[in-house]
Amino acid sequence: MIRILRRAMSERAAELKQNYHAIKQQVEGAAGQGVRLVVVSKYKPIEDIKVLYDEGHRHFGENYVQELLGKIEQLPKDIKWHFIGSLQSNKAKQLAQQNSLYAVETLDSESKANKLNNARAAEADKLNVFLQINTSGEDQKSGLREVDEIVKVARHVVDKCDKLNLQGLMTIGSVKSSLHSEGENKDFARLIEIKTAVEKEIGRTLEASMGMSNDFAQAIKQGSTNVRVGSSIFGARKTKEEMKT
């Protein structure tokens, strides 16, 4: 039984390594250099993450605060965690207190920026934040929409939040734009358009976080500097209901 278990673990590790290096090669091929690959490890076990850590990867993304906190506790402290789930005001303090947290990619209001900033320890590194932009106009998605409001929140972070670093803007394109468009993705193009406008207003260069497993190559072509890939490396995720069984 132990031998069978070890064989299964070895086969899983080999699969993860193969998938990871294939995606990494695709990212580097599309980008040349300068694009950050964030491996989305939502619902994935510590053992899977450790395999990729041992391959030299450091940027991982999580959607749920409690799951993220548990993984921070159990995994090496030099991992650079990205929080990529919906940011709730009552969870901002817990997130900001984590020294291993590299970035919050889903900031969408001044009040949440204040909560993150107030909870960040003075001696800690600045916490990177991305403003989440709803470029597709879908009601079920969070994020800022109007350029004036985006500029207002960006200025607030830059001018009023001394423990935060405005790293860039983030969007999740619609399924229609990602799967059914030919050539340019209009949601990605919209983010780059907004980013250019915000950069002009605040006098700073920003990153663009866009692109996931099914559309990261196109996102890179359109200017993404931060892509998030999970299922193409780990395989299909289990649902919340499946996780309970």
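Before I start: I call two residues in contact when their heavy atoms are within 4.5 Å. I also note that the model I'm looking at is predicted.

**Entry 1: helix H6 and its neighbours**

I looked up what the buried residues of H6 pack against. I found strand E4 (101–107), helix H5 (110–119), strand E5 (127–132), strand E6 (164–170) and helix H8 (186–202). Which residues of H6 are the buried ones? I got Ile-150, Val-151, Val-153, Ala-154, His-156 and Val-157.

I remembered that residues three or four places apart in an α-helix point the same way, because there are 3.6 residues a turn.

Then I checked the length. H6 covers residues 147–160, which is 14 residues, so at 1.5 Å a residue it should span 20 Å.

**Entry 2: H6 against H8**

For a pair of packed helices, I want the angle between the axes and the distance between them. How do H6 and H8 cross? Their axes come within 10 Å and cross at roughly 50 degrees.

Next, I listed who meets whom. On the H6 side I have Val-147, Ile-150, Val-151, Ala-154, Arg-155 and Val-158, and they meet Arg-190, Ile-194, Ala-197, Val-198, Glu-201 and Ile-202 in H8. Sorted by class, this contact has nine nonpolar residues, three charged ones and no polar ones.

**Entry 3: H6 against H5**

On to the other helix. The axes of H5 and H6 come within 10 Å too, and they cross at roughly 20 degrees. This angle is under 35 degrees, so I call H5 and H6 roughly parallel to each other. Their crossing is right-handed. From H5, the contact uses Glu-110, Ala-113, Asn-114 and Asn-117; from H6, it uses Lys-152, Val-153, His-156, Val-157 and Lys-160. The classes here split into three nonpolar, three polar and three charged residues.

What is buried in H5? I noted Lys-112, Ala-113, Leu-116, Asn-117 and Ala-119. These buried residues pack against helix H4 (92–96), E4, E5, H6 and E6.

**Entry 4: a lysine in H3**

Last, I went to Lys-71, which sits in helix H3 (residues 65–74). Is Lys-71 buried or exposed? Its relative accessible area is 6%, and the cut-off is under 20%, so Lys-71 is buried. Leaving out residues up to four places away in sequence, I found Lys-71 touching Ser-41, Lys-42, Tyr-43, Lys-44, Ile-46, Ile-49, Glu-62 and Trp-81.

Terms used: Residues are numbered from 1 along each chain as its sequence is written. This is a predicted model: local features need pLDDT of at least 70, side-chain atom pairs count only at pLDDT 80 or more; totals for chains, interfaces and linings use all residues. Side-chain values use heavy atoms; hydrogens and water are left out. Helices (H or I, at least four residues) and strands (E, at least two) are DSSP runs, numbered from the N terminus. The expected span of a helix is 1.5 Å times one less than its number of residues. Buried means under 20% relative accessible area, exposed over 50%, partly exposed in between (1.4 Å probe, protein chains only). Axes are lines fitted to C-alpha atoms, for helices over the stretch in contact, and angles run from 0 to 180 degrees between N-to-C directions. Ala, Val, Leu, Ile, Met, Phe, Trp, Tyr, Cys and Pro count as nonpolar, Asp, Glu, Lys and Arg as charged, and the others, Gly among them, as polar. Angles under 35 degrees count as roughly parallel, over 145 as roughly antiparallel, 65 to 115 as roughly perpendicular and the rest as oblique. A crossing is left-handed if the near helix is turned anticlockwise from the far one by less than a right angle, and right-handed if clockwise.
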